[in-house]
Amino acid sequence: MVMPVFALLQAAPPQSMGIFIAATLVKMIVFFTIYMIGIAMLTLAERKVSAWMQDRHGPNRVGKGWLQPAADGLKNIMKEETYPDAAYTPLFILAPAMAFIPALVTWAVIPFGAPWDSSWGRIEMALAPLPIGFLFILALASLGVYGIVLAGWSSNNKYSLLGGLRSSAQMVSYEIAMGMATIPVLLLAGNVALNQVVEQQAAVAPLSWNAATCTIAWLIFLVAAFAETNRLPFDLPEAESELIAGYHSEYSAMKFSMFFIAEYGNMVTASALMATLFFGGWDIPFTAWDNVAPHTGMKTLLTTLFFFAKILFFVFFYMWIRWTLPRFRYDQLMALGWKVLLPVALTYIVIVAGAIIGLQIAGFAPASWQFNGALFGMNVLLVLVLFFVLDRGRIVSPAYSRLDPRHLERLREVTADRAAHQSLGRVAQGVRS
Amino acid sequence: MAIGVKVLERPIEQTSYLRATLKGMALTFKHMFSEKVTIQYPDQKWSLSPRWRGTHRMLTTEDGKAKCVACGLCPTVCPANCIKLVPGEDEKGNRYPLVFEIDEFRCIFCGYCQEVCPEEAIHVGRHYENSEYSREGFVYDLERLMAQTHPVCEMWDPADPKGE
């Protein structure tokens with residue numbers, strides 16, 4: 001927690017230091033409370049959504065279901081904590097916190113509402129409006145893997161360790177695709193400060209939202225975010241059928257639920273990132289009044305609500321996917337990350353960069369609707385290509401995917417050779433005996 | 001890829017993962033609004049079949065005595081050996097059960113006792129909520145069997161096999 005506080009002080013406050021610190025403290029307390037309660041309610045939401053999708057009712061006993069998270073929390077606090085004899089205790093205790101903290105700290109830089117021109121001066125609706133916001137997020141995203149890997153390692157259990165290993169491989173692979181997918185966004189924004197990214201998208205919303213102008217990048221980011229948060233269909237680190245519960249097999253009571261808090265925290269953070277980078281942040285579509293002065297308190301409130309609505313939609317999307325798709329096989333996961341997402345992301349950077357240069361040479365201003373419309377048209381085309389040309393058993397290879405005839409020929413030769421050798425050996429043995 | 005495995009040449013729309021995903025998502029979303037199949041058990045109860053064979057019940061005559069004449073057919077026919085019957089005889093020479101106990105734990109609820117009973121005294125019933133705190137509590141004596149009030153099972157009738 002040292003770093004963001006330091007960064008807060010760096011982010012040159014426009015008003016007096018006292019007001020700045022007071023406003024930041026209030027923002028932190030309010031935000032943290034909402035965030036934690038929100039995460040608790042998300043555990044309920046997940047169970048409800050899963051139930052509805054399976055034609056069930058879901059939890060509806062404790063306070064009509066609304067108090068279920070509180071009951072779960074109380075139970076987990078009162079349960080006995082068990083420590084395996086062979087576990088390495090310091091890391092075993094540290095790991096759940098390590099899983100959760102990066103998700104929480106990432107929120108420090110995400111702008112969640114329009115700035116508020118109060119009577120004490122302008123108050124930014126981000127805990128720390130860093131000028132390098134986006135790089136900060138990338139740095140923290142790679143820290144998220146530590147919690148899981150340390151949990152797997154310190155449990156001293158082979159299943160936990162396998163879960164930890166899987167998650168490290170998975171996260172490292174998908175982080176690259178994720179980073180590459182955000183480059184088109186940064187190309188369009190021309191800046192790594194997140195409020196600049198939001199401002200750029202507000203021009204002719206929703207046509208200038210990056211989901212319209214960089215659709216493929218958004219799709220890649222979406223898939224990579226699923227892998228980064230270890231959600232289905234990428235939850236191989238805790239694949240029950242193979243690894244019991246993966247990295248958290250040995251955890252009990254509140255430490256166990258800490259991993260769940262971390263998972264939901266990561267989900268919310270990834271959804272917020274997706275909303276910020278690709279869906280205009282706190283921007284309200286089809287209107288322009290929310291982006292211009294005067295920045296009243298009401299405007300801040302409305303944009304914040306809108307931002308949270310976007311986050312909730314993506315959180316719902318996560319749950320929706322979870323109850324739709326089955327878990328991938330490990331080789332499918334790796335092939336998707338390295339052989340599909342990464343090359344597509346790299347190609348897409350070139351395409352978007354070329355399109356931006358071409359449109360600028362043609363004389364369209366980046367904030368005009370022609371510029372964004374042209375990019376949108378290009379993306380519609382590319383999505384059609386992706387769906388109808390590229391996606392023919394190549395994106396996720398099914399068990400019955402085609403085998404290259406040359407490959408098959410070579411394999412037949414190898415087996416023929418081996419069979420010949422074996423029969424020779426048998427003849428030699430027969431002679432000897 | 002192993003050799004000799006038959007590789008199916010599937011049409012493109014079947015090998016597309018993205019389109020299949022969208023189709024699956026449409027299906028799960030549709031199910032969110034479909035009718036729920038859960039029965040909220042303690043509040044709502046499943047309606048039992050008229051042929052449901054549950055907790056036993058001993059029927060009584062108008063003067064409140066058990067219809068049982070202690071003929072001994074039910075302990076004989078019982079495949080689980082769960083009926084304990086000690087016959088007694090009153091001064092008029094009428095037989096009656098001195099001890100009649102059914103161990104609901106041993107019982108397999110086949111309903112043979114009801115089928116074999118010449119007096120239509122012992123019945124299996126349309127009732128299933130019989131939890132107890134001890135094993136001994138599951139041995140129902142005659143008084144308890146007579147005190148049951150639930151509807152009794154209608155046995156399968158060969159003349160009307162579907163119960164219409």
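At what angle do helix α10 and helix α14 of chain A pack, and how far apart are their axes? This is a predicted model, and in it α10, residues 215-228, and α14, residues 330-361, pack at about 145° with their axes 10 Å apart. The crossing of α10(A) past α14(A) is left-handed.

On the α10 side, the contact is made by Ile216(A), Ala217(A), Ile220(A), Val223(A), Ala224(A) and Ala227(A). Facing them from α14 are Gly337(A), Leu341(A), Val344(A), Ala345(A) and Tyr348(A). Sorted by class, that contact has 10 nonpolar residues, 1 polar and no charged ones.

Staying in chain A, next is helix α7, residues 158-189. How far apart are its end C-alpha atoms? They are 46 Å apart, and that agrees with expectation, because 32 residues at 1.5 Å a residue should span 46 Å. Just after the helix comes Gly190(A), with a positive phi of about 70°.

Now chain B. Here 3 strands form an open sheet, ordered β2-β3-β5, with antiparallel pairing. Which strands stand at the edges? Those are β2, residues 83-89, and β5, residues 139-140; each has a single partner strand, so one side of each lacks a neighbour in the sheet. Between β2(B) and β3(B), residues 95-103, the antiparallel pairing runs over 7 bridges. To pick out one position, Val86(B) has Val99(B) in β3(B) as its bridge partner.

Notes:
Residues are numbered from 1 along each chain as its sequence is written. Chains are lettered from A and ligands numbered from 1 in the order in which they are written. This is a predicted model: local features need pLDDT of at least 70, side-chain atom pairs count only at pLDDT 80 or more; totals for chains, interfaces and linings use all residues. Axes are lines fitted to C-alpha atoms, for helices over the stretch in contact, and angles run from 0 to 180 degrees between N-to-C directions. Helices (H or I, at least four residues) and strands (E, at least two) are DSSP runs, numbered from the N terminus. A crossing is left-handed if the near helix is turned anticlockwise from the far one by less than a right angle, and right-handed if clockwise. Two residues are in contact if their C-beta atoms, placed from the backbone, lie within 7 Å. Ala, Val, Leu, Ile, Met, Phe, Trp, Tyr, Cys and Pro count as nonpolar, Asp, Glu, Lys and Arg as charged, and the others, Gly among them, as polar. Two strands pair if DSSP finds at least two bridges between them. The expected span of a helix is 1.5 Å times one less than its number of residues.
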